[in-house]
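Biologist: I would like to learn how to read a protein model, one feature at a time. Where do we begin?

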Amino acid sequence: MLERLIEIAPSLSRRRITKGQSVYRQGEAATHAYVVVSGRLGITMIGQAGQELLIDIVGPGALCGEGAAFDGLPRFSSASAIEATEVLPIPGKEFLKLISADAKLASLLAHATALKQRTLAGRLVQLAQSSPEDRITELLSQIARPELPDVLLTHQQIANLIGASRITVTRAMQKLRRTGAITCQRGRYRLTRAPA
């Protein structure tokens with residue numbers, strides 16, 4: 001999708017986001033969708049009790065924020081950079097025009113939407129059925145990259161990502177370290193055994 005957008009709309013400008021900086025916030029009015037060019041964004045939601053749940057981590061080529069940009073309703077999630085990131089902001093109305101005029105882009109958007117549905121369905125099943133240890137190893141396998149195998153997250157951030165308490169994560173991490181599934185050095189976690 002990113003390549004196609006650059007090809008058919010070369011005038012779109014990129015935006016650099018520093019680590020920790022917000023791209024958009026839950027509840028605010030939406031005008032733009034975003035495609036990640038480089039880096040990674042954490043997509044979060046705040047529950048009614050005020051707890052933050054990290055629902056996804058997206059990287060290059062990923063589309064986010066399109067729902068609210070298309071329907072004009074307030075954003076239902078937030079996005080912030082978990083590392084230095086570059087995004088391609090696209091006004092919702094312009095994006096809709098591009099989709100209407102380009103069948104290839106429309107097809108790519110349909111595929112991206114299907115992938116998002118599968119990812120979220122998988123996350124729901126994982127939250128409902130998997131042990132904390134399984135959820136943690138799956139999370140680390142999703143975040144780590146071959147060139148950056150170490151993951152720097154606090155226990156609270158991991159808890160937010162897997163839908164558990166910090167205490168549950170601490171206990172699960174101790175178990176995973178004892179069994180050799182992960183190693184930890186100065187707060188950086190490395191998965192040493194692939195998740196089931």
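Modeller: With axes: an axis is a line fitted to C-alpha atoms, for helices over the stretch in contact, and angles run from 0 to 180 degrees between N-to-C directions. Helices (H or I, at least four residues) and strands (E, at least two) are DSSP runs, numbered from the N terminus. This is a predicted model, in which local features need pLDDT of at least 70, side-chain atom pairs count only at pLDDT 80 or more, and totals for chains, interfaces and linings use all residues. Residues are numbered from 1 along each chain as its sequence is written, and side-chain values use heavy atoms, with hydrogens and water left out.

Biologist: At what angle do helix α5 and helix α7 pack?

Modeller: Two packed helices are described by the angle between their axes and the distance between the axes. Here α5 (residues 132-143) and α7 (residues 166-179) pack at about 80 degrees, and their axes are 9 Å apart. The two helices are therefore roughly perpendicular to each other. Angles under 35 degrees count as roughly parallel, over 145 as roughly antiparallel, 65 to 115 as roughly perpendicular and the rest as oblique. On the α5 side the contact (heavy atoms within 4.5 Å) is made by Pro132, Glu133, Ile136 and Thr137. On the α7 side it is made by Thr168, Val169, Ala172, Met173, Lys175 and Leu176.

Biologist: Which residues of α5 meet helix α6?

Modeller: They are Pro132, Arg135, Ile136, Leu139 and Ile143, and they meet Ile158, Leu161 and Ile162 of α6. Helix α6 covers residues 155-162, and it packs against α5 at an angle of about 100 degrees, with the axes 10 Å apart. That makes α5 roughly perpendicular to α6.

Biologist: Now a single helix. Which residues of α3 are buried?

Modeller: Buried means under 20% relative accessible area, exposed over 50%, and partly exposed in between (1.4 Å probe, protein chains only). An α-helix has 3.6 residues a turn, so residues three or four places apart point the same way. In α3 (residues 92-101), the buried residues are Gly92, Phe95, Leu98 and Ile99. Seen down the helix axis they fall within an arc of 120 degrees, so they line one face of α3. The arc is that of the directions from the helix axis to the C-beta atoms. The face turned away from this buried side carries the exposed residues Lys93, Lys97, Ser100 and Ala101.

Biologist: What does Gly92 touch?

Modeller: Leaving out residues up to four places away in sequence, Gly92 touches Thr31, His32, Ala69 and Phe70. Gly92 and His32 are 60 residues apart in sequence but 5.1 Å apart in space, C-alpha to C-alpha. Gly92 counts as buried because its relative accessible area is 1%. Another such case is Glu66, in helix α2 (residues 66-71). Glu66 is buried, with a relative accessible area of 12%, and it touches Ala33 and Lys116 when residues up to four places away in sequence are not counted.

Biologist: On to strands. In what order do the strands of a sheet lie, for example the one with β4?

Modeller: Strands of a sheet pair through backbone hydrogen bonds, either parallel or antiparallel. Two strands pair if DSSP finds at least two bridges between them. In the sheet with β4, 4 strands form an open sheet in the order β2-β7-β4-β5, with antiparallel pairing. Its edge strands, each pairing on one side only, are β2 (22-24) and β5 (52-58). Neighbouring strands of this sheet are turned by 30 degrees against each other on average, direction ignored. Strand β4 (residues 41-46) pairs with β5 over 6 bridges, and Gly42 has Ile57 as its bridge partner in β5.

Biologist: Which strands pair with β3?

Modeller: Strand β8 (residues 85-91) is joined to β3 by 6 bridges and runs antiparallel to it; Val36 has Val87 as its bridge partner there. Strand β6 (residues 63-64) also pairs with β3 in the antiparallel sense, over 2 bridges, and in β6 the partner of Tyr34 is Cys64. Strand β3 (residues 32-38) is mostly covered, with 5 of its 7 residues buried.

Biologist: How many disulfides are there?

Modeller: A disulfide is a pair of cysteine sulfur atoms within 2.5 Å. By this rule the count is 0. Cys64 is buried, with a relative accessible area of 2%, whereas Cys184 is partly exposed, at 26%.
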